[in-house]
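Work through these exercises with the model open beside you. Try each task before reading its solution.

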Amino acid sequence: MSKITLKAARVNSGLSQKEAAKQLGVAESTLYKWEAGKNKPNVKYLSRIEKVFNLPISNIIF
């Protein structure tokens, strides 16, 4: 499987930033920073990201 950006994973899942942030348990601004490449998610969020976007973390570009 090819790698995709976090934003593409969210869009492919049909989620808005607000919806995805709520499911991940983070602020919208935090998700925005992850998607923009300004910050990377803490290790504790990696399994949540996998579950919400139904992708292995190794396929997501941060």
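**Exercise 1.** Is tyrosine 45 buried or exposed?

*Solution.* First, the ground rules. This is a predicted model, in which local features need pLDDT of at least 70, side-chain atom pairs count only at pLDDT 80 or more, and totals for chains, interfaces and linings use all residues. Residues are numbered from 1 along each chain as its sequence is written, and side-chain values use heavy atoms, leaving out hydrogens and water.

Step 1: Buried means under 20% relative accessible area, exposed over 50%, and partly exposed in between (1.4 Å probe, protein chains only).
Step 2: apply them. Tyrosine 45 has 14% relative accessibility, so tyrosine 45 counts as buried.
Step 3: Tyrosine 45 belongs to helix α4. Helices (H or I, at least four residues) and strands (E, at least two) are DSSP runs, numbered from the N terminus.
Step 4: list the neighbours. Leaving aside residues up to four places away in sequence, tyrosine 45 touches Leu24, Gly25, Val26 and Trp34. Contact here means heavy atoms within 4.5 Å.

**Exercise 2.** Find the buried residues of α2 and say where they lie on the helix.

*Solution.* Step 1: pick them out. In helix α2 (residues 17-24), Ala20, Ala21 and Leu24 are buried.
Step 1: look down the axis. These buried residues fall within an arc of 100°, so they line one face of α2. The arc is that of the directions from the helix axis to the C-beta atoms.
Step 2: recall the helix geometry. An α-helix has 3.6 residues a turn, so residues three or four places apart point the same way.
Step 3: turn the helix over. Lys18 and Lys22 are exposed on the face turned away from the buried side of α2.
Step 4: name the cover. The buried residues of α2 are covered by elements including α1 (6-12), α3 (28-36) and α4 (43-53).
Step 5: follow the chain onward. Glycine 25 comes after α2 and has a positive phi, near 80°.

**Exercise 3.** Describe how α2 and α3 pack against each other.

*Solution.* Step 1: take the axes. They come within 8 Å and cross at roughly 105°. Axes are lines fitted to C-alpha atoms, for helices over the stretch in contact, and angles run from 0 to 180 degrees between N-to-C directions.
Step 1: classify the angle. α2 and α3 are therefore roughly perpendicular to each other, a label for 65 to 115 degrees; under 35 degrees counts as roughly parallel, over 145 as roughly antiparallel, and the rest as oblique.
Step 2: list the contact residues. α2 supplies Gln17, Lys18, Ala20, Ala21 and Leu24, and α3 supplies Glu28, Leu31, Tyr32, Trp34 and Glu35.

**Exercise 4.** Which residues of α3 are buried, and what does glutamate 35 touch?

*Solution.* Step 1: the buried residues of α3 are Leu31, Trp34 and Glu35. They cover an arc of only 95° around the axis, which puts them on the same side of α3.
Step 1: take glutamate 35. Its relative accessibility is 18%, so glutamate 35 counts as buried.
Step 2: list its contacts. Beyond four places in sequence, glutamate 35 touches Leu6, Lys7, Arg10 and Gln17.
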